[in-house]
Amino acid sequence: MKIVYNGEMDSRLCKAVLGETIPAIAAEDPDVIYLDADLMSCIGTGKFAAAHPDRAINCGIAEANMIGVACGLASAGFKPIVHTFGPFASRRCYDQAFLSGGYAKNDITIIGTDPGVTATLNGGTHMPFEDVALYRALPGSTVIDVTDPNLLISVLRQCVNRPGVKYIRVGRKKYAKVYEDGSEIPIGKAVTLREGKDVTIFAAGVLVHEALQAAAQLEEKGIDAAVLDMFTIKPLDADAVEAYARKTGAVVVAENHNRNGGLYDAINQVLAERCPVPSCCVAVEDAFGEVGPQDYLQQRFGLTAAHIVEQVEAVLRRK
């Protein structure tokens, strides 16, 4: 694994990466079955479904039923990969994922696309800020917030053979490129993207790019900020959280979710138990989503590098 971040966007759309990676995984493993809630055209899996109707199932706009079908397939030894938009992959089918998946010990991989502000013009009804909190509460679950296309490929391949209910949240558009092509990035381990001694910024998803931009701006102000990619929100790398909290003595969390129940809560649990230090977050503050382009929405909900800089300066005053 090599960090190649230079502030530029990856040339690939994440939906194109999904459209290539899911068929590739299925071609390698005959037990992999793909299910979708009438959104195959949105991630480019339509051709795969047409060519392999026995390996791809369009369950229609019936997400709860789709999870039930996936769990039934898992109980028969298959490895289901399920896709729909984030709100429908979490809120709408949560009872089925909780009971037929987690409680019944059926191993399924759920992909929720366009989480948080990445839902953009689909609007507030399609903008899940609470999906992480829901899946964190499911015993034995794995929760991933994707950083870039190469991490997406790596974690999706790992999730197929990982036990439990796995929830992967990822936008369909472009992300900043952080990792080298072909990188293997182990689930459950934080990745140090930048070292620092004054404060640690723990970030996930699209906010990793903003965190790295903020760290560069802070450097110009004489503030040395470490940046860690916390793409695995559950199981959280508690050892890394504790180590960097002790090293820098102050923490800022940046996430594209509601601050209640998300990465900020997960990290603060570790801080409270192991190493209490001043902390604050850049996250959605108890609000519903709304319609708009992503740059507007990030400003509207305070999910930008500028907001991270403000919070770093504020938390350092409490250090």
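This is a predicted model: local features need pLDDT of at least 70, side-chain atom pairs count only at pLDDT 80 or more; totals for chains, interfaces and linings use all residues.
The aromatic side chains come first. Rings are paired when their centres lie within 6.5 Å, and the count comes to 4 aromatic pairs. One of them joins Tyr 94 and Tyr 135: the ring centres are 5.8 Å apart and the planes stand at 80°, so this pair is edge-to-face, the class for angles over 60 degrees. Tyr 94 belongs to helix H6 (residues 94-103) and Tyr 135 to helix H7 (residues 131-136), so the contact ties together parts that are 41 residues apart in sequence. Buried here means under 20% relative accessible area. Tyr 94, at 16% relative accessibility, therefore counts as buried, and Tyr 135 counts as buried at 0%. Both tyrosines belong to one aromatic cluster, formed by Tyr 94, Phe 98, Tyr 135 and Tyr 167.

A further aromatic pair is made by Phe 129 and Phe 301, again edge-to-face, with 5.3 Å from centre to centre and 70° between the planes. Phe 129 sits in the loop between strand S4 (108-113) and H7, while Phe 301 sits in the loop between helix H12 (294-300) and helix H13 (305-316); the pair therefore ties together parts that are 172 residues apart in sequence. Both Phe 129 and Phe 301 are buried. Phe 301 also has a charged neighbour: Arg 300 lies over the face of its ring, at 4.5 Å from the ring centre.

The cysteines are next. The structure holds 0 disulfides. For Cys 159, the nearest cysteine sulfur is that of Cys 14, 15 Å away; a disulfide would need the two sulfur atoms within 2.5 Å, so Cys 159 is in no disulfide. Cys 159 has 0% relative accessibility and so counts as buried. Cys 275 is likewise in no disulfide, and the nearest cysteine sulfur, that of Cys 280, is 15 Å away. With 7% relative accessibility, Cys 275 also counts as buried.

Lys 234 is found in strand S10 (residues 232-234). Although Lys 234 is buried, it has no salt bridge. The nearest side chain of opposite charge belongs to Asp 265 and is 13 Å away, whereas a salt bridge needs a side-chain nitrogen within 4 Å of a carboxyl oxygen. What lies 3.0 Å from a polar atom of the Lys 234 side chain? It is the backbone oxygen of Arg 136. Arg 136 falls in the range given for helix H7 (residues 131-136).

Note on methods:
Residues are numbered from 1 along each chain as its sequence is written. Side-chain values use heavy atoms; hydrogens and water are left out. Rings of Phe, Tyr and Trp (its six-membered ring) pair if their centres lie within 6.5 Å; planes under 30 degrees apart count as stacked, over 60 as edge-to-face and the rest as tilted. Helices (H or I, at least four residues) and strands (E, at least two) are DSSP runs, numbered from the N terminus. Buried means under 20% relative accessible area, exposed over 50%, partly exposed in between (1.4 Å probe, protein chains only). A charge sits over a ring if NZ of Lys or CZ of Arg is within 6 Å of the ring centre and within 35 degrees of the ring normal. Lys and Arg count as positive and Asp and Glu as negative; His and the chain ends are not counted. A polar contact is a pair of N or O atoms within 3.5 Å; within protein, one must be able to donate a hydrogen and the other to accept it, and residues adjacent in sequence count only if both atoms are side-chain atoms.
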